[in-house]
Structure formats: structure tokens, C-alpha cells
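Let's take a walk through a structure together. Have a look at the sequence and the 3D view, and then we'll start with a pair of helices.

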Amino acid sequence: MILKVNQINDVAQATILTEEASLANADMFKEEMITLIVNGTKLIIVSFENVNYIDSSFLGSLVVALKYAMPRKTDIYLVALKPDVKNLLTLIRMDKVFKIFKNYEQAMETL
Amino acid sequence: MISFPDPPSKVKTILIVEDNLLFRKIIESSLKKAGYTCLLSDSATEALVLLEKEMPDLILSDYDMPEINGFDFRQTVLLIPKIRDIPFVFLTSFTDDSMMLEGLNMNALDYINKETPMPVIISKLNNIIKSLENEHIRSIRELRIAAETLNVKSVPETSPELQSFRIHFWHKGYLGYPGGDFIDFIKVDERYCFALLGDIMGKKWKAWFFTFGFLSYIRAAIRFCVLDNDFTLKTIVQKINKLVYLDESLQNILSSLSLLLLDNQTGQISYTGAGDLPLISFDSERQSATTVLSSGLLLGLLEDGFYDEQIIQMKSGDQLAIFTDGMIDIPSNGSKKSDYPFFVEKIRPYLGKSKSFDLIKTNVLDQINDSNQMDDASIIFIEKQ
């Protein structure tokens, strides 16, 4: 298990538990995200509060989850990104496909 | 030549599952003396929790333990895809033939009697690990031969010779494996040459196998556009994106791409990027380095990838670099981080020199090795003559 999930109706707050989001846990992350989507979650808010480093394998899983979510009308938001992680996501334009917020509260306000 | 150096023989970790404290300590200290790192569990339940996070190189398990015995533990491990392939050895005092047979039938590599003298146990484990390592090296060698026979290369052997530009490139696969980075140059005629650099998300074989599919699409899209006399990069990249997006076999695979078109006549370089890192452009007149960002998304992400095209007018002595994210991943204080500005800072002092790329190679690239590399790393460096 890599996500700690707090399900509130059809919104899931999912906190990544590891400091490193990498090849070692990318598949597990993808599976857990897809399970949430399949179970009918309409919005998954993924918190990166623990993550110091993200590699391309994990980014790949994140995007695969998004591609899986879109036709099923599920949104994925990202919150609590540390500066390094946020910079990388912005550098490769991921900020254009994911909505990014400071924290859960700010993300929940958009509902 | 694709380089597949042998994997580094790093320190191996053995998970010991043993309820007897004394025996656990004895075997731990012997294994440590033999150069192994040990993980310890006093029960199968604890071992299973540990295996959620750790990936030992071998599991050494007792049979007779309270709650879950060694055989049930083995059966459970076999049901978990992530850990089922970890080499498994029984070490127990239950040694009648039928039990040994039952243990070995559960895909255990050995069934060792606890009465065996410790040096013999260690030798047996050494042999198992060594032979697995040899097997691994052999598999990689065979794959390399197969790939070379098929003439599939994700990185070319040499740079093209151009009239107005000098091109250098460098690539190092993660831990020496071929990975998801790919480089190619397509010289259309004396005037135009394409240079491309991509990074399939993922590592090792899983990413490498897909580089050829991507490269084929990219080469085909470029060739078709050239046939139509259309050199608009954003059109080309949009075509590639659409091909990748519609290809169901590539549904879960994404790639970045930096595509450059070098015009030997005008000295212009056009640039379109897809989820790539910003390009570094060095102006020799002003002695200044700037980054150029493109707006496009990763290939295959959305049907429309919002691609743009930027023109960089190159004068004599101007330089330009594109690179993949393995270049900016660095170990820092025991953890890892990605730092684009840090990499720019590292190469900045060597820009604008007569042998800039050699200097970058010696001072930056040659410092990248198995101990500090975290992903496939590639760079293309272009100078206007």
C-alpha cells in the first residue's frame, strides 16, 4: 500500500506515504489509483506532502492514471507539492493537465 | 553499439525468517561476516509486512514457527507477484525426505539442514546468489546479441557531419541497462537535418522495448512531412502525438520529445518540445545562457498536445543543449532530488569555450556513475560553426 485514503462520499483524499515516488512503487501507485477510479470515485486529491523526489516512472504512472480517469469522468488534483517536485512537474508541463493546489482544504473549496 | 555493462555486484541483502532468537543471531552474524546485509523477522507475519517495503535478494526461512509455518509462508509469498520471484531457501531441522521434497516443490532453491556447519551454509548461499547473478549476466548478454542482430538501436553510433553545425551527444543508461532514452539524427539533404531526443517514462527493459515503436513513428512522421515538403515542426510533432495517442498498444506509455530542425543555410534552429525539459541556449556575443521553454505536452497524453514552435537564430559560436531528466536527478544528503537550475549551473562555466562539450564531458558527464545516477541520462549539444 502506498496511498493512505480518506474517502468522503465520492471524493478521495489520497496521501502518498513514501518520500520517494519512483520505479519501486510506481506500479503499486497506478494500481491503487485505478482501483479508486473503478470504485466510482469522482475526484481523487493526491497529496505529495511526504514526497521529496519523483522519477519518470512514477510520473508515467500518474499520467496513466489520468488517462484512465478522463473517459470515466474522474478528476485528479495534486496537492502539497514540495518545491522540487512542483518545479519538475511545471518544467514538463504537467501543470497543464493536473489541477494543482496548496493543500486538501484549498482543493476541497473548489467543490 | 548498445552498452550493457554487467550490473554492479553490490552488497546483497538476505531476509532471515526465524523464530529462535539465538539461531537468528548466529546466522545473522555469520552472514554479516560473509559480507551480506541482513533483514530479520521472528515470524512469517512480520516478514510479510517487511516485504511490503523491502526487496531482499534472498529469503532464508525456517520451517517450524508459531502461527504461520515456513511452508505456509512460502505459499503466501508465491501468491504475491511483487515478491514471488525472490530466491527462497529453507533452513530447518525438519529434514525427512518427504518434507524436503515438499519444500523444494514450492519453488525453493534449496532445503538446508540446520545441523549443517555454518561455513557450509554460507557457501551454499554464496553459490546460489553467484549462480543467479551469472544467469542474469548471461540473459543480458543474450539480449544484447539479439538486439544487435535485429539492428535495433535507440542511440546512434556517431553524430552527422554538417556544414554549419557541430553536433555532440552523450548517453548513459541507468545502471548500464539500456533504458527509455532515445536519440536520432535524420539528415534530409545538405540543408536540413533533424535532431531528436526523447525519454520514455520508465526504466530498464520495460521502457527500452518501447523506444523502437516510438522511434519508428517519429521517423515515419518526419519522412512523410519531408515528402510533402512540410518542415513545420509543430505539425510533425502533432502527427507523432496523434499516432501515439491512437495506438492502443502504447496506451500506457508516454514519452517526452525534443525535436530540432537545423537549417545549414540560414543557421536557424527550430525547436518543438513535448513534455521535455527546457532547452539551454548560449549566445556567444552576449555571453549569456537562457532557457527556452516549449508548451507541448508529453506524447500520447491528449489528442491535442498544444505544440508550439520556436526559432533560434544561431550565430557562429552560439551553442544549444537539450537533455533528459536523468541529467537533473541528483543524490542529495542521502535522498534524491530533481534540480534543473543546478544542472544549468554546473554546465554554465563551460559554455562559450572552444571545446565546450569536451569540458562538459570531463567535468560533469564523466562524474555520473552507478553510485549517483538515478535515471537514463542523455544530452545533445549543438554548436554553430
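Which residues in helix 1 of chain A meet which residues in helix 2 of chain A? From helix 1 of chain A come Leu23(A), Ala26(A), Asp27(A), Phe29(A), Lys30(A), Met33(A), Ile34(A) and Ile37(A), and they meet Ser57(A), Phe58(A), Gly60(A), Ser61(A), Val64(A), Ala65(A), Tyr68(A) and Ala69(A) in helix 2 of chain A. Being in contact here means that C-beta atoms, placed from the backbone, lie within 7 Å. These residues divide into 11 nonpolar, three polar and two charged. Ala, Val, Leu, Ile, Met, Phe, Trp, Tyr, Cys and Pro count as nonpolar, Asp, Glu, Lys and Arg as charged, and the others, Gly among them, as polar. Why the gaps in the numbering? An α-helix has 3.6 residues a turn, so residues three or four places apart point the same way.

A word on the source: this is a predicted model, where local features need pLDDT of at least 70, side-chain atom pairs count only at pLDDT 80 or more, and totals for chains, interfaces and linings use all residues. Residues are numbered from 1 along each chain as its sequence is written, while chains are lettered from A and ligands numbered from 1 in the order in which they are written.

Helices are DSSP runs (H or I, at least four residues), numbered from the N terminus. Helix 1 (residues 23-38) and helix 2 (residues 56-69) of chain A pack at about 15 degrees, with axes 8 Å apart. That makes them roughly parallel, a label for angles under 35 degrees.

Now for the partner chain: 20 residues of chain A are in contact with 25 residues of chain B. On chain A's side, helix 2 of chain A gives the largest share, six residues.

Terms used
Axes are lines fitted to C-alpha atoms, for helices over the stretch in contact, and angles run from 0 to 180 degrees between N-to-C directions. Helices (H or I, at least four residues) and strands (E, at least two) are DSSP runs, numbered from the N terminus. Angles under 35 degrees count as roughly parallel, over 145 as roughly antiparallel, 65 to 115 as roughly perpendicular and the rest as oblique. Two residues are in contact if their C-beta atoms, placed from the backbone, lie within 7 Å.
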